[in-house]
Amino acid sequence: MPVELKHVTCTYSPGTSQEIRAVTDLSLKIQDGEFVAVMGRTGSGKSTLIQLVAGLLEPDSGQVLLDGLDIHARGYDRSALRRRVGIVFQYPEYQLFEITVEKDVAFGLKHSGLKPEEISLRVRLALERMGFSFEEIRKESPLCLSGGEKRRVAIAGILAAHPGILILDEPVAGLDPLARREFLQMIRQFQEEGMTVIMVSHNADAVAEYAGRVLVMAEGRLEMDGDTRTVMSDLQRLRSLHLDTSAAGQAAELLRQRGVEIPDQTVRYDELLGALTEMMVKS
Amino acid sequence: MSRMPAGQYIPGRSPVHRLDARIKICGFLILLAAVIGAGSWAGYLWVILALAAILRISGLPLRPVLEPFLRLWTFFLVIFLMNALFFDGQGGIWSWWIFHLSAEGVRRGFSVVVHVALALVLGNLLTCTTAPMELMEALKVFLRPLKLIRVPVDDVAMILSVAVQFVPTLLEEADTVKKAQIARGARFESKKLTEKAASFIPLVVPVFIAAFRRADELALAMEARGYRGKRKSPKRKSACLQAPDITALAVCAAVFAVQFLLIHI
C-alpha cells in the first residue's frame, strides 16, 4: 500500500484573519514496509502531514493517494481506509473511554463486519502483543491503569484493526529510557513483519537508530528527504533548522575535529562503537 | 476546529476592537435598548443602518457575524408562524381549524423575528471584537457593587475567566479525541437518533476526563503559587478612558436618542 502525496496544500481556517498555511505544495511517496521518521520544529507541518496521510484532513489542493487511488475521491471506501491506516496520536491514553479494557480494544472493530469470535481473537492477540496477560487485564477499567499501561492498551486498540500503515506521533514522549527502547524495538518488529511505519519524533537518537528514511519539515515544506545516514549526518543543516542531532553523530564530529578518523555518515551508536573498536584493534 | 463556533473573538485592529471593553458593554446595552425600542419601519431601518455602520467600521468578515442567523432559521420560522397564526384568535385573512392568519399576527411575527435577529447580531458584534479576557475584566468592574451584599465577586470573576480560557483548549482536545476515535473506526454520522447519541460517548467521556485532569492540574498550580480565594486580588490599574471611548459612547447614545424620537413622534 504505497502512500503518495501530490502537490498537497492544506490551510487552517481559510478566509479568516487566523488563516494558517500548514503545508504548501508537498509531494512525497512512501513505499511498503518503510520505517519513515518525520522531524521538524513545532508548527512545521508534521502533524498536518500525518493527518493528511491518515485521511483525517482534506487537502485544499492536491491529492493523497493510497495504492494509487485518491482517498478523497467520491465513492472511496473511507471506513476501509480507517482500518488500513492506524494512527497513534500523542498521548493516546486520553482516547480510552470504555468500561473494560477488552471492550475498549474492540471498539474500533465494532463496525468492521468481523465475526465476534474473530474480534475477540484479535483483541486477545493485540493485548498480548503489547505485553499484557489477556485474562488478567480484560476486565480491568482502562481508566484505572497506570500511564504506561493506558498507552499500551490504547495502542492495542489500534493494532487490533491490523493496519498496514502505522502512524505514530511522538510515541516515546514521557516514557522512561527502558520503556522507550522496548517500545521502539516493538515498532521495529512490526516493520520487519511488513508494516509501514511513519513516526514523528524529536528524539534524534531514536530516529538515527530505528528509521530507514528521514523526512525533515520546515515551515510547511519538505526540507530534507533521504535515507537516515544522509540526513542525520548533515549536522550543520539540521542545526540550522534548530533540530537535534544524534549523540553518536555529535561524538563522531568531535572526534573527527580532533583528528580521529571516523568514517563519514556515522550517526548510530553501534556504528561509532564499531569504528572505534576497529581503530583500537589496528593500533 | 475547522468550524469555529459563532460569535468567537476575531482579532483585529479596527477602532471598534480598540475601544475599552467597559465602554463596549455600555454601548452594547444602549444599542440593545435602541433595538428593543424599534417599533416602526423607520425605527428598524435606523438600527439596521447603525449596526451596518458598526460592522463596516469593525472590519469583520460578514459570515461569522451573520451566521447564527442562518443557523437558527428554523427557530425564526417557528416564532414567525406562531405569531402569524395564533396572535389574533378571531382570524383575519384566512382561517382553518385552530389556525387564524391575521395581518396583525404577521406584523407581530415579523417584528419579533427582526428584534431577536438584530439583538443576536449586536451580541456577535460585541463578542467578535472583544477578547474574552477583556470582557471578563470589564464584567468584574460592573459586578463590583455586588460586593456590598457579600457576593464573592472576585471568585466568581476568577471562575468565569478560567472557564473562558479553557474553552479553546477543550475544543482542541475534543477535536483530537474525535480524530483519534474516527481513525480507529468510530462513526459519528449515523442517521438513527439513538445511535447518534450513543456514538458521542467515545467523545464525551475522554473530554470530560481531560477537563477534570486539567482542573486538578490548574488547582495545584494555583495553590503552589499561593492563590487564596479570600485574599484581595492585586487590583489591576484600570486604564483611563480615551477620547475614542467617549465618542463611541456618545454615538451609541445618539443612536438611542434618535430611536427614542422615532418612537414618540
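Two strands pair if DSSP finds at least two bridges between them; helices (H or I, at least four residues) and strands (E, at least two) are DSSP runs, numbered from the N terminus. The model is predicted, so local features need pLDDT of at least 70 and side-chain atom pairs count only at pLDDT 80 or more, while totals for chains, interfaces and linings use all residues. Residues are numbered from 1 along each chain as its sequence is written, and chains are lettered from A and ligands numbered from 1 in the order in which they are written.

**Exercise 1. Describe how helices H3 and H6 of chain B pack.**

Step 1. Two packed helices are described by the angle between their axes and the distance between the axes. Axes are lines fitted to C-alpha atoms, for helices over the stretch in contact, and angles run from 0 to 180 degrees between N-to-C directions.

Step 2. For H3 (residues 41-58) and H6 (residues 103-129) of chain B, the angle is about 20° and the axes are 11 Å apart. That makes H3(B) roughly parallel to H6(B) (angles under 35 degrees count as such).

Step 3. Find the residues in contact (C-beta atoms, placed from the backbone, within 7 Å). Among them are Leu51(B) and Leu55(B) of H3(B) and Leu118(B) and Leu122(B) of H6(B).

**Exercise 2. Is Val251(B) buried, partly exposed or exposed?**

Step 1. Locate Val251(B) in helix H11 (residues 243-264) of chain B.

Step 2. Apply the cut-offs: a residue is buried if 20 or more other C-beta atoms, placed from the backbone, lie within 10 Å of its own, exposed if 12 or fewer, and partly exposed in between. Val251(B) has 16 C-beta neighbours inside 10 Å, so Val251(B) counts as partly exposed.

Step 3. Compare sequence with space: Val251(B) and Ala50(B) are 201 residues apart in sequence and 9.7 Å apart in space, C-alpha to C-alpha.

Methods
Parallel < 35°, antiparallel > 145°, perpendicular 65-115°, else oblique. Contact = placed C-beta atoms within 7 Å.
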